[in-house]
Every structure is written in structure tokens, then in C-alpha cells.
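Let's take a friendly walk through a protein model. Have the sequence and the 3D view ready as you read.

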Amino acid sequence: MENRNKVTENNIGSETAIAVPDLSQFKFEKKSHVKIKFEKESPSKQEPEGLWEPPNWRQFFLNLKIMRANNDAPVDTMGCHMNMDENVPPEVYRYQCLVSLMLSSQTKDQVNFTAMQRLRARGLTVDNVLSMSDEELGQLIYPVGFWKTKVKYIKKTTGILKEQYNGDIPDSVEKLCKLNGVGPKMAHICMKVAWNKITGIGVDTHVHRICNRIGWVKKPTKTPEETRLALQSWLPFEQWSEVNHLLVGFGQTICQPIKPNCGECLNNDICPASTIGKKSPKKSDKQTRDKIEVGIKIEADMEDFQVKNEKTWKTISPKVNTKIQDLELDKINTSTPQKHQDKLKKPEFNNQFELHSDATSNENNSTKASKSYENLKHTKDTCGGKRIFKKADVHCDEPKLPLKRKSPRVNQRTETKKLENLKKIRTRSALK
């Protein structure tokens, strides 16, 4: 009923009125911007579960022990564990162990051993080192690597040990690494030798290099610390105490950085870096084959080129020979060196040249030409392929080229130089 009343009211107001629907629901609205999210790291391949370990590592480790049984490496007799005095108190023994490890970085065992012998003869204790001057300490440890910086580090660490640890050394890796000139390798070895505690594997340049060479790391590592973490991730704890000593001696005697002695190694059949049975890294067969093929192609092209040149030369050679003969004749006619002046005849001026003079008689012209010939000075100016003679009223049969007009502002220096050059030429001709 209500709707009918509304419709009748609309009809009363306007006979043509029509009910309009509400269009607000069809109003255009902007949609929010959709952000595309990218993953920060690309999805890596899913690796199989289980502990990774290099193949044949147990056999490799056993062979290492066999090869190192003779104890013939420098580290066996002159390593850091051999540089301390056993007759001193424990705290002094530990201090000497720390100093020996600080000197060992970038230094051979032989050099480090001799430096430690000099320090022990002087008295290697905390109080004695603090009483030494930098010059005296430097003379005692020279020539270890970076001996100047090591003098500073030893003095600073010795002062810290005196103040904070009563002349003894710290008993943890974290505290040792806080000392100046002490790194993770030194700290782990010091804990083993000084405190008889195994906290980790000491990785130096030998261990870092060999582990990457023999494939004892899952991925190639760039620093010794990365190698230590990779090695400790799979190697059993029982081998941590001896792996450093074995690999260092192995690297000094057999697995050297350059030209390793793979023939003497017991692991040459299981080592991935073994050079036995492999060709030397010289030119491969493919490179030699390519070079042979290129050489054959070049020879064939040269033969074709020679054949083509012979055909063309047969057609061109007579023309070229005539041109060469003409050029040689022109050279003989045009060139008048001082040596051959006597052989050459005087030119007949009446027939070959024209005389520039105001006289009309040929006799006067001939006399002028003969006088001018005596004063001829040869130059390198050419006219139509023939030589011009200065200080003579003679020119070639061919049309005379227009002379360039000289500027009135001629420098006096150039004139004097020309006169000097003319004098030199005259003296040379007179001497000859």
C-alpha cells in the first residue's frame, strides 16, 4: 500500500516522472596497490640429511700417522711445544709458551726456535721482558716475521698479564684472543700445550692449505678460521688434538705448496689433488688440433694467393718493367751526386733548356748558360720530376710551376740561417 501511494504521489507531481535507482553502489573506487614481495635469499637445494664427511678420510688419516711416524719434520724438533724450559715454574712455562706462539706467526720453525733460545738465555720471564727496551727485545727476536710489531705486542700483553693475571696467562680462549697479537690458532694451541685442555683445532697456513687441497672441507674456504669451523663440523673430537701436528709436518715434508711429492705420499691413490697418472697441465690435444687445422688453412690460402698473383703478374709485368726502366732513367738523369759529376756530360743548353734573359741572340744566351753552369748548386727542389739549378737562368722544358709569393715580413733569422747553409754547402763542395 505504501509503495502504491508513493507512485500515485509521483504521478500527481509530474505525469512523466519515473523512479530512478540508486547509482552510488556502482561508483568507481581505486584499488589498493599490490606489493610483490621477493625472498631475500634464493632457495637453496635441499641437502640430504646426515653428517657430511669426506670420502676415505679414515684411510687418509691412518696413512698420515704412518708417514709421520719418523718425526722428521721441523715442527717435531723445533715446534712451539719444544721451545719452553721445563725447569721453570708453571706460570713461567705457560708465559714462554704464549710468547713462542706469538713469534710463530709468519715465521718458520727454525727461525722461531733460535729466537726463543736467545730469549731464554736472556731470561724469558714477565719481569725481565718489561725491564727490556724495545731495541734490545727487537735484537733478540730478529729476524722473525714482522718483528717490529711483535715487539710492541709482546710488551703490551706482558704488561696486561702482570696487572690482571699476576704474571700468568688466561685459561680460556676468549680471554686469550683479547690479548694483543693473539689469534684463534694461537689460543687453541696454547690451551692444549699450556693448560692441557682441548678447546679446538689450531689451523695455520699448512692446515688451511692442505685441507682445501685434499678435500677435507665441504666448500673451499678463504680463511683459516673458516677452515677450522668446517673441519670441526665433521672430524671426531678424538682426532682434534693430533690433527694439527700431523698436517703441519705433512705439509713441511711431502705435501708442499709448490711441487708436492705425490710419489712419496701413501695417499696418492685416494687424494683428489694427486698428480700421479695425470698429464702435465700443458697444451691440450684440442688446442694442438686447432692449431694444425689453422696452419693447413693458412697454407691453402697462401697457395691460392700465389696462383692469383702469378696470373695477374703475367698481364701486368711488361707494363711494370717499362715503368721501372723509365723511373731508373729519370733517376740517372735527375740525380747528380758529387761523385758522378765527372762522368756526366754537360747538358746542351740550347737544345734542352730555355734561357730567361732579355737578350735576343743565341750566342749571348749560350755564354750566360755556360757561366751559370759553373755556379750551379744542387738542391732537392723538383720541377716536373727533374732537378732545378739555383743561381742560374735555366728552367726545364716542361711548363714552369708558379712560384709561391713570399711574405714581405721575412724574419732575419731565417735569412741568416740560409746564408750559413749556403756557406756550408760551398765549403763541402770545395773540399770534395
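Leaving aside its neighbours within four places in sequence, which residues is Leu119 in contact with? In this predicted model, the partners of Leu119 are Val99, Leu103, Leu124, Leu137, Leu140 and Ile141.

## The largest nonpolar core

The largest nonpolar core has 33 residues, and Leu98 and Leu119 are the ones that touch the most other members. At least two residues of this core come from each of helix 4 (90-104), helix 5 (109-122), helix 6 (126-131), helix 7 (134-141), helix 8 (147-164) and helix 10 (184-193). Helix 4 gives the largest share, with seven residues.

There is also a second, separate core, made of 28 residues. Among them are Trp234, Val243, Val248 and Cys255. As a general point, nonpolar side chains tend to be buried together in soluble globular proteins.

Next, look at helix 11 (residues 205-214) and helix 12 (residues 224-232). Their axes are 9 Å apart, and the two helices pack at an angle of about 60°. Because an angle of about 60° falls between the under 35 degrees of roughly parallel and the 65 to 115 of roughly perpendicular, helix 11 and helix 12 are oblique to each other. Their crossing is left-handed.

Which residues make the contact? Helix 11 brings Val207, His208, Cys211 and Asn212, while helix 12 brings Pro224, Thr227 and Leu231. Sorted by class, this contact has four nonpolar residues, three polar ones and no charged ones.

Key:
Residues are numbered from 1 along each chain as its sequence is written. This is a predicted model: local features need pLDDT of at least 70, side-chain atom pairs count only at pLDDT 80 or more; totals for chains, interfaces and linings use all residues. Side-chain values use heavy atoms; hydrogens and water are left out. A nonpolar core is a set of buried Ala, Val, Leu, Ile, Met, Phe, Trp, Tyr and Cys residues joined through side-chain atoms within 4.5 Å. Buried means under 20% relative accessible area, exposed over 50%, partly exposed in between (1.4 Å probe, protein chains only). Helices (H or I, at least four residues) and strands (E, at least two) are DSSP runs, numbered from the N terminus. Contact means heavy atoms within 4.5 Å. Axes are lines fitted to C-alpha atoms, for helices over the stretch in contact, and angles run from 0 to 180 degrees between N-to-C directions. Angles under 35 degrees count as roughly parallel, over 145 as roughly antiparallel, 65 to 115 as roughly perpendicular and the rest as oblique. A crossing is left-handed if the near helix is turned anticlockwise from the far one by less than a right angle, and right-handed if clockwise. Ala, Val, Leu, Ile, Met, Phe, Trp, Tyr, Cys and Pro count as nonpolar, Asp, Glu, Lys and Arg as charged, and the others, Gly among them, as polar.
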